[in-house]
Amino acid sequence: MPITRLSLFNRIWAIMMKDGICEFRTRYAVSALLMFALISLASISMAIGAARLPEDLTAALLWILLFFCAMAGLSRVFVQEQESGTILALQIYGSGQAVLFGKLLFNTFMLLTLTVLIIPLFIVFLNIEIYHWSIFLLVLILGDIGIAAASTVTAAMVAKTQGKHALFTVMTFPILLPQFLSSISTTAKILMNVKPDVSDIMFMAAYNVVLMIASSILFDYLWYD
Amino acid sequence: MRIVLSLWIMSVIYAVLYIVPPAEGLGNLVRIAFFHIPVAWVSVLAFLLSAGWSVQYLRTRDIQYDWKSSAAASLGLLFCLLATISGAIFAKLTWGAYWNWDPRQTSIFILLLIYGAYLVLRSSIQEEKDRAKVSAVYALLSFLTVPFLVFIIPRFYFSLHPEPVINSAGKLEMDMIMIYVLLAAVGACTALFWQCFSYMVQNKQKSF
C-alpha cells in the first residue's frame with residue numbers, strides 16, 4: 001500500500017467524512033437529537049398553551065432548547081470512539097489537530113441540521129415573528145458554531161470519565177456561558193424588532209475564534225500521552 | 001507558625017469587632033466586608049494558582065503540580081462559597097434580597113460552577129495520569145472565560161456592588177484604620193489559605 005501524506009485540510013475532511021458515514025449507517029445521533037428536540041419543544045408548547053410569551057423569554061427558551069439538544073448528542077463523537085475501542089487507532093493514525101477540527105466540523109454540521117429542522121417548528125408552535133431574517137440566521141450559525149466548539153473539546157475530556165453524559169453538560173455550560181448570554185440577548189433584540197449592534201455579532205464571532213484557538217492549543221496535550 | 005497565625009486571626013477579629021468605626025451609610029454592616037473582601041480575594045488567588053500549576057503540569061508532567069493544582073482548587077471552592085454566602089447576607093441586609101443576579105453575583109456563581117465541574121471531573125477519572133491531564137486542560141479552558149465574563153456581563157446589567165476598594169480613580173476612600181485592618185485581614189486569610197494548602201500537599205506527598 002503506497003504511503004500517502006495528506007494535507008491538513010484533507011485530513012480534517014477525511015475525519016469528518018468518516019464520522020458522517022458512521023452516522024449515516026446507524027442514524028443514532030441524528031434521530032436521538034431530533035426526538036429530544038421534538039419532545040422538549042412539545043413540552044414547552046403544551047405547557048404555555050395559547051399564551052403569548054414575552055420576546056426575551058422566547059429567545060431564552062430557543063437557546064436553552066438548542067443547548068440541551070446539543071448536550072444530548074454531541075458528546076458522541078468521542079464517547080463512541082472510546083466505547084467501541086477505536087480511539088486508539090485514531091490516536092495512531094490521526095493527528096490531533098485533524099481529529100479536533102474534523103469532529104468540530106461534524107458537530108457543527110449536526111447542530112446546523114438540527115437548527116434547520118427546529119426553527120420552523122419553533123416558529124409554528126410558539127407563534128413568533130422574525131423581523132431580521134438574515135441577522136437571525138447569522139446569529140444562529142454563530143451560536144451553533146460556539147456550542148459545537150465548546151462541546152467538542154469537552155467531549156474529548158469526558159470520554160475517559162465515568163458518568164459521561166451528566167458530566168458533559170456540567171463541564172460545557174461554564175465555558176459556553178458568555179456566548180450563551182450574548183446569543184440570548186441578540187435573539188431577543190431580533191424578536192423585538194430591534195436591529196442588533198454590530199458589536200453583538202462581533203462578540204459572538206470573536207468568542208468562537210478564541211474558543212477554537214484555545215481548544216486547538218490544549219487539544220494536543222489531551223490527545224497525545 | 002500555627003500559634004502566630006491563630007493569634008493574628010484573633011487580633012484581626014478583635015480589631016474588626018471593636019476598633020473599626022461604623023461606616024457612613026452602612027453602619028455596623030461594614031464589618032461583614034472585612035470577612036467578605038479577604039475571602040473573595042483568596043478565592044481568585046486560588047483560581048489563578050490552580051491555573052498556573054496546571055500549565056506547569058502540562059509542560060513537565062510532574063504529578064506534584066497536579067496535587068498542588070487540585071489542592072488550590074478545592075480550597076478555592078471553599079473560600080468562594082464563603083464569599084458567596086457572606087456577599088448574599090450583605091446583599092439581604094443592604095439591598096433587600098439575598099440574590100438578584102447582580103453582575104458580581106453572576107460572575108462569582110460562574111466561578112463556583114467552574115470549580116464544581118473541575119472537582120466532579122477529578123472524582124470521576126480513576127487513572128491518575130489521565131485525571132491530571134484532563135483536569136489541567138479543563139482548568140485552563142475554563143480560565144479563558146473569566147475575562148469575557150468580566151467585560152461582557154457588566155454591559156448587560158447594572159451593578160449595585162460597591163466599587164472595589166481601590167477604584168478607577170486610584171484613590172482610597174476609606175479611613176486609615178479601616179485600610180490597616182483590611183490589609184491585616186487579607187494577610188491573615190491568605191496565610192490561612194497557604195497553611196491549609198501546604199498541609200494538603202504534604203499529606204499527599206506522605207501517602208505517595
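How much of the chain is helix and how much is strand over residues 107-125 of chain B, and how far apart are the end C-alpha atoms? In this predicted model, that stretch of chain B is 89% helix and 0% strand, and its end C-alpha atoms are 28 Å apart. For residues 39-58 of chain B, the model gives 100% helix and 0% strand, with the end C-alpha atoms lying 29 Å apart.

Between the helices of chain B there are loops, and two residues in them deserve a look. R61(B), placed in the loop between α2 (30-60) and α3 (63-94) of chain B, has a positive phi of about 60° although it is not a glycine. R61(B) counts as partly exposed, because 15 other C-beta atoms lie within 10 Å, a count that falls between the limits of 12 or fewer for exposed and 20 or more for buried. W101(B), which lies in the loop between α3 and α4 (103-123) of chain B, likewise is a residue other than glycine with a positive phi, here near 55°. W101(B) is exposed, since it has 11 other C-beta atoms within 10 Å.

Turning to chain A, one can follow how two of its helices meet. The axes of α3 (residues 55-73) of chain A and α7(A) come within 11 Å and cross at roughly 35°, and the crossing is right-handed. From α3(A) the contact draws on W63(A), L66(A), F67(A) and A70(A), while α7(A) contributes G143(A), I147(A) and S151(A). Five of the residues in this contact are nonpolar and two are polar, with no charged residue among them.

The two chains also touch each other, in a contact that takes 24 residues from chain A and 23 residues from chain B. On the side of chain A, the elements that give two or more residues are α7 (133-158), α8 (164-191) and α9 (198-223), and the largest share, eleven residues, comes from α8(A). That side of chain A is made up of 18 nonpolar residues, five polar ones and one charged one.

Finally, the largest nonpolar core has 112 residues, and those with the most contacts inside it are A155(A), M157(A), A46(B), V137(B) and Y138(B). Leaving aside residues up to four places away in sequence, Y138(B) touches M157(A) and M171(A) as well as Y118(B) and L121(B).

Notes: Residues numbered from 1 in each chain as written. Chains lettered and ligands numbered in written order. Predicted model: local features only at pLDDT ≥ 70, side-chain atom pairs only at ≥ 80, totals over all residues. Core = buried A, V, L, I, M, F, W, Y, C linked by C-beta atoms within 7 Å. Contact = placed C-beta atoms within 7 Å. Helix = DSSP H or I, 4+ residues; strand = E, 2+ residues; numbered from the N terminus. Nonpolar A, V, L, I, M, F, W, Y, C, P; charged D, E, K, R; others polar. Axes fitted to C-alpha atoms, helices over the stretch in contact; angles between N-to-C directions. Left-handed = near helix turned anticlockwise from the far one by under 90°.
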